[in-house]
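Reader: I would like to learn how to read a model of this kind, feature by feature. Please give the general idea where there is one, then the case at hand.

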Amino acid sequence: MPTQISDIRDAGASTALLTDQYELTMLSAALADGSAFRNCSFEVFARRLPDGRRYGVVAGTERLLDALEQFRFGEPELAIVAKFLDDTTVEWLRNYRFSGDIDGYREGDFYFPGSPILSVRGTFAECVILETLILSILNHDSAIASAAARMVSAAGGRRMIEMGSRRTHEQAAVAASRAAYLAGFDATSNLEAARRHDVPSAGTSAHAFTLLHTTEDGPDEAAAFRGQVAALGVSTTLLVDTYDITEGVKTAVAVAGPELGGVRIDSGDLGVLARQVRQQLDDLGATKTRIVVSGDLDEYAIAALRAEPVDSYGVGTSLVTGSGAPTAGMVYKLVEVGGIAVEKRSTNKASRGGAKKALRVVRPTGTIVEEVIYPAGSPAPVSEADGATELLIPLVREGKVVESAPTLEESRAVLKAGLVSLPWEGLKLSRGDSAVPVRFSGGEHR
């Protein structure tokens, strides 16, 4: 899974080596044969959606713009690349600053097969070496956000907590927390995500704290609960499944009283247990005590629990690992050189040449009808009067991030509004066609 270095914005650390060696050997060859400074257009797109998905969510844009500003080759970075590059290339990298333009879909917007999610324009030399940085961020964050959005839809408005830090790389965990929050999760257990991205944090206690209160006379669950309530108050959530759940709930209410904030169940048949626990809590007078469930939940398990008396879901493994968030499958391809369209024709890996723009057509009711992709130099094939909205917005101009680049909260709002506009078939968890058809301006479909 792609990862990021420590806090780019705070530490000012270079991102230049978050790349593949062949990006720089291509640069070296282009400088040598004189082609390095030809004006080019590169595009990021996904040829298809992951199996079972009907839409994708663009995520990672803000992180990418931060990383782009730190893509600089200082002496430590030059010392590494000088091992395999000629002096001319090393000197060129010493003064590298991206000076081109970037347009992109709004973070939090949908993408579908063929959507030109990002358009990067400049010389070949300055654009080609950004490929790995761009793809590692967008592929990772978009995969997480796409999975998280499905889970949020399945939860039907119930509270969602991201808890995947222990199941992935320590820096990928921070990015995953951000992407999940963008997609509608309410909080994260990861404190670095809270510091770096202002994601609300949440967390109480684990089984280890309950087990800690074991004496020669045996387990003392009540002592553990008393300790937690004394420190955090009766609004805390007590973990009741370390031993026997029925006894755990009884002890929790006895210690905290009927105003106990919540109980968490982390194992077993969660649907059956939630019903039993709800009935027990009500019988004990704890009618307002919330039930939080966790333990290998994914969108299918969450959907199955929708009819049960569950108030919150804690999601970890299935969100941050490949089983729940397969790669977004995005690629970064050269589509235009000096105004001439170029395209890759490899079997099953073809690309469509020429710089492109895209618009989305909606009905008067707000439901999306189709996405239309057309040549960048041509007039829009569908007018605003007919419900069309341009999808690509300016992100970078002459190497400078535009002031209107979206914030995390703005991106979160974009997706929340977008989920309302999807055709209802697009929210199904079953396999099927893309929620929205993509039409190329010549009339072709993918």
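Author: Start with one pair of residues. Ile 265 has Val 293, in strand 12, as its bridge partner. Keep in mind that this is a predicted model.

Reader: What is the general idea behind such a pairing, parallel or antiparallel?

Author: Strands of a sheet are held to one another through backbone hydrogen bonds, and the pairing is either parallel or antiparallel. Here, strand 11 (residues 262-265) and strand 12 (residues 290-294) are joined by four bridges in the parallel sense.

Reader: In what order do the six strands of the open sheet come?

Author: The order is 7-6-13-12-11-10, with parallel pairing.

Reader: Which strands pair in the antiparallel sense with strand 14?

Author: Strand 1 runs antiparallel to strand 14, and seven bridges join them. Across this pairing, Glu 43 stands opposite Lys 333 of strand 14. Strand 15 (residues 340-341) also pairs with strand 14 in the antiparallel sense, over two bridges. Val 337 has Ile 340 of strand 15 as its bridge partner.

Reader: What should I look for in the hairpin of strand 14 and strand 15?

Author: Look at the backbone of the turn. Two residues lie between the strands, and Gly 338 takes a positive phi near 55°.

Reader: Is strand 14 enclosed or open to the outside?

Author: Burial is read from relative accessible area, with under 20% counting as buried. Six of the eight residues of strand 14 (residues 330-337) are buried, so the strand is largely enclosed by the rest of the structure.

Reader: How many residues of helix 3 are buried?

Author: Eight of the nine, so to read helix 3 is to read a mostly covered element. The buried residues include Glu 62, Arg 63 and Asp 66, as well as Leu 64, Leu 65 and Leu 68.

Reader: Which residue forms a salt bridge with Glu 62?

Author: Arg 178 does, with the closest N and O atoms 2.8 Å apart. Glu 62 lies in helix 3 (residues 61-69) and Arg 178 in helix 8 (residues 170-182), so the pair ties together parts that are 116 residues apart in sequence. Arg 178 has 0% relative accessibility and therefore counts as buried.

Reader: Which residues are joined with Arg 178 into one network?

Author: Glu 62 and Glu 107 are joined with Arg 178 by salt bridges that share partners.

Reader: Which residues does Asp 141 touch, leaving aside those up to four places away in sequence?

Author: Asp 141 touches Ala 59, Gly 60, Arg 63, Ala 175, Arg 178 and Ala 179. Asp 141 is found in helix 7 (residues 131-155), and at 0% relative accessibility Asp 141 counts as buried.

Reader: Where do the residues of the salt bridge between Asp 51 and Arg 431 lie?

Author: Asp 51 is in the loop between strand 1 (39-46) and strand 2 (56-57), and Arg 431 is in the loop between helix 16 (408-421) and strand 21 (438-440). The two are 380 residues apart, and the pair links distant parts of the chain. Their N to O distance is 3.0 Å. Both Asp 51 and Arg 431 are exposed, whereas Arg 178 is buried.

Reader: How far apart in helix 13 are Asp 282 and Arg 278?

Author: They are four residues apart in helix 13 (residues 270-283), which means a separation of about one helical turn. Asp 282 and Arg 278 form a salt bridge, with the closest N and O atoms 3.1 Å apart. Asp 282 is partly exposed at 32% relative accessibility, while Arg 278 is buried, with a relative accessible area of 14%.

Reader: How many salt bridges does the structure hold?

Author: There are 19. On charge overall, the protein chain has 46 positive and 58 negative side chains, and the centres of the two sets lie 4 Å apart.

Reader: What are the totals for the protein chain?

Author: The secondary structure comes to 16 helices and 21 strands. Of the 446 residues, 54% count as buried. Among contacts with a separation of 6 or more, 73% come from residues 24 or more positions apart. The C-alpha atoms fill a box of roughly 80 × 55 × 40 Å along the principal axes. The chain exposes about 19400 Å², of which carbon and sulfur atoms supply 51%.

Terms used:
Residues numbered from 1 in each chain as written. Predicted model: local features only at pLDDT ≥ 70, side-chain atom pairs only at ≥ 80, totals over all residues. Heavy atoms only, no water. Buried < 20%, exposed > 50% of the residue type's maximum accessible area, 1.4 Å probe, protein only. Contact = heavy atoms within 4.5 Å. Areas by Shrake-Rupley, 256 points an atom, 1.4 Å probe, with all protein chains shown as cover. Lys, Arg positive; Asp, Glu negative; His and termini not counted. Charge placed at Lys NZ, Arg CZ, Asp CG, Glu CD. Pairing = 2+ DSSP bridges. Salt bridge = Lys/Arg side-chain N within 4 Å of Asp/Glu carboxyl O.
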